[in-house]
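Trainee: I've got the model open. Can we talk through how its helices sit together?

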Amino acid sequence: MNADASVIAVQGHSQDHSQAHGKAQEGYGSVPFTTRHDQPGKRIAVPVRVEPKVFFANERTFLSWLNFAIVLGSLALGLLNFGDRTGKIAGAAFTVIAMFVMVYALMLFQWRAERIRQRDAGPYDDRRGPTVLVAVLICAILINFYLRFVNL
């Protein structure tokens, strides 16, 4: 067995011989299967093929994160150049957040690409990153509002 193959265990299942002439047992949402009583389990090597669309989906996600970071950085640049003291503080905060998003997007892209190349099974989604990003953005916006209303 080579390193490019995944091993799938096909488990034997006891089948009642009183069923309709040896038909495979089926359940809702299950794949029909037949078993032999002399082979309780059989290991089959199945090569895992990674389609190119998986790599492209990873790249699209990376570009989407970068697009968001560029929009946020543009907003920050506008606040830094044309804002008052409060606008400059908010612009600096949004600049730091935009740079964080760019670095985070690159790290996530590299992590996913490596897992795809190694043909690792499992979810490639990120459950914490977007939540943390939204929380940080809300904090920056609230600080901006606070500074704006205190300076009135």
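Trainee: How do helix 1 and helix 2 run relative to each other, roughly parallel or antiparallel?
Mentor: Keep in mind that this is a predicted model, where local features need pLDDT of at least 70, side-chain atom pairs count only at pLDDT 80 or more, and totals for chains, interfaces and linings use all residues. Residues are numbered from 1 along each chain as its sequence is written, and side-chain values use heavy atoms, leaving out hydrogens and water. The axes of helix 1 (residues 52–82) and helix 2 come within 7 Å and cross at roughly 170°. Over 145 degrees counts as roughly antiparallel, so the pair is roughly antiparallel.

Trainee: How many nonpolar residues are in the contact of helix 1 with helix 2?
Mentor: Ala, Val, Leu, Ile, Met, Phe, Trp, Tyr, Cys and Pro count as nonpolar, Asp, Glu, Lys and Arg as charged, and the others, Gly among them, as polar. The contact has 6 polar and 4 charged residues, and its nonpolar ones number 26.

Trainee: Is Asn58 buried or exposed?
Mentor: Asn58 sits in helix 1, and its side chain reaches the backbone oxygen of Phe109 at 3.3 Å. Buried means under 20% relative accessible area and exposed over 50%, with partly exposed in between (1.4 Å probe, protein chains only). Asn58 has 6% relative accessibility, so it counts as buried.

Terms used:
Axes are lines fitted to C-alpha atoms, for helices over the stretch in contact, and angles run from 0 to 180 degrees between N-to-C directions. Helices (H or I, at least four residues) and strands (E, at least two) are DSSP runs, numbered from the N terminus. Angles under 35 degrees count as roughly parallel, over 145 as roughly antiparallel, 65 to 115 as roughly perpendicular and the rest as oblique. A polar contact is a pair of N or O atoms within 3.5 Å; within protein, one must be able to donate a hydrogen and the other to accept it, and residues adjacent in sequence count only if both atoms are side-chain atoms.
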